[in-house]
Amino acid sequence: MPELPEVETIKEDLRELVVGSTIEAAEVLDSALVEQPSAEEFARRLEGVRIEGARRRAKHLIVELDTGDALVFQLKIGGQLLLVPPVEEPHTALMLVLHLDGGERLFLRDQTGFSRARLLDEEELEARLSPLGPEPLEEGFTAEYLRQTLGGRRAQIKPLILDQKVVSGIGNIYADEILFDARLHPRRKANTLSEAEWRALHAAIRKNLASGIEHRGTTVRLYRDVLDRPGEHQYYLRVFEKHGEPCPEGCEGEVVREKVGGRPSHYCPGCQTLSGGEQEQRLTFA
């Protein structure tokens, strides 16, 4: 599933390869893709507009148009944006084709069919993005923010860091890696974390997302960049889908997989304990 690093990579590709192009026509091949407005109006409003920019907010990919509208994609589980040429034209699972000047086309392909697109004016875009939490790689995201926001809650820490209203852009893959790096069990209750553990969690979030961007995303199954290239971060994963393998830190345990908050979760019970030492403290924060 494209998470923050994958969407960031696609955004940078669009900036390099597509920004400045004009959309000559839009073909909606699967009307389920378009959530706002109607598929017919979506295609009409895209015809003849120039792509002015590309940005990311959380897992939203935002293509800025010269009309003032924003074309907003959520690639969900398996969405791929592919520029043809230089890559070979895809022929299956197509949802959208944007015909660009110069003979290029931007295809949205999704084998799962879950990708969604919206064409929003400035006010609609602001309303869409307003519930989202802070960007974890920006300056305003701090360990103190995490502690103050989550420190009094009895909920499990993994579902909390997956909550896009708490922190933007983290999905299941990076959550498992973050919690392993911070040595936090995914079932730990937020109100049991010490100040040192909040700092470790904050550092792990920033480190793992930055590493994912550096390696151009994680391809476990379907993710590809705009030039149909897989990411490389899957070669650096330590616990995600490593269940049954020895702990990567060399403890005597092995990585396990179980459901936490309804999501498959991977962790080392030896390194990520539910209690013990400093982790036994129960702190209440104002």
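What follows is a chat about the pockets and overall build of a predicted model.

Trainee: How many helices and strands does the protein have?
Mentor: Seven helices and 11 strands.

Trainee: What share of the residues is buried?
Mentor: Buried residues are 50% of the 286. The protein exposes about 12,700 Å², with carbon and sulfur atoms supplying 45% of that area.

Trainee: Pockets now. What is the volume of the largest pocket?
Mentor: About 350 Å³. Its lining has 17 residues, and those nearest the centre are M1, I77, I173, R221 and F240.

Trainee: Which elements give two or more residues to that lining?
Mentor: α6 (172-182) and β11 (263-267). β11 gives the most, three residues.

Trainee: How do the lining residues divide by class?
Mentor: In the largest pocket, eight are nonpolar, four polar and five charged.

Trainee: What about the second largest pocket, what is its volume?
Mentor: About 250 Å³. It is lined by 15 residues, and M1, K59, Q74, K76 and Q164 are the closest to its centre. By class, that lining has eight nonpolar, four polar and three charged residues.

Trainee: Back to the fold. What percentage of contacts with a separation of 6 or more comes from residues 24 or more positions apart?
Mentor: Such pairs account for 66% of those contacts.

Notes: Residues are numbered from 1 along each chain as its sequence is written. This is a predicted model: local features need pLDDT of at least 70, side-chain atom pairs count only at pLDDT 80 or more; totals for chains, interfaces and linings use all residues. Side-chain values use heavy atoms; hydrogens and water are left out. On a 1 Å grid over the protein atoms alone, a cavity is a set of points where a 1.4 Å probe fits but cannot get out, and a pocket is an open set with protein on both sides within 12 Å along at least five of seven lines; lining residues have an atom within 4 Å of a point. Grid points are joined across faces, edges and corners, and a volume is the space filled by probe spheres set on the points. Helices (H or I, at least four residues) and strands (E, at least two) are DSSP runs, numbered from the N terminus. Ala, Val, Leu, Ile, Met, Phe, Trp, Tyr, Cys and Pro count as nonpolar, Asp, Glu, Lys and Arg as charged, and the others, Gly among them, as polar. Buried means under 20% relative accessible area, exposed over 50%, partly exposed in between (1.4 Å probe, protein chains only). Contact means heavy atoms within 4.5 Å. Accessible areas come from the Shrake-Rupley method with a 1.4 Å probe; for residues, only the protein chains shown count as cover.
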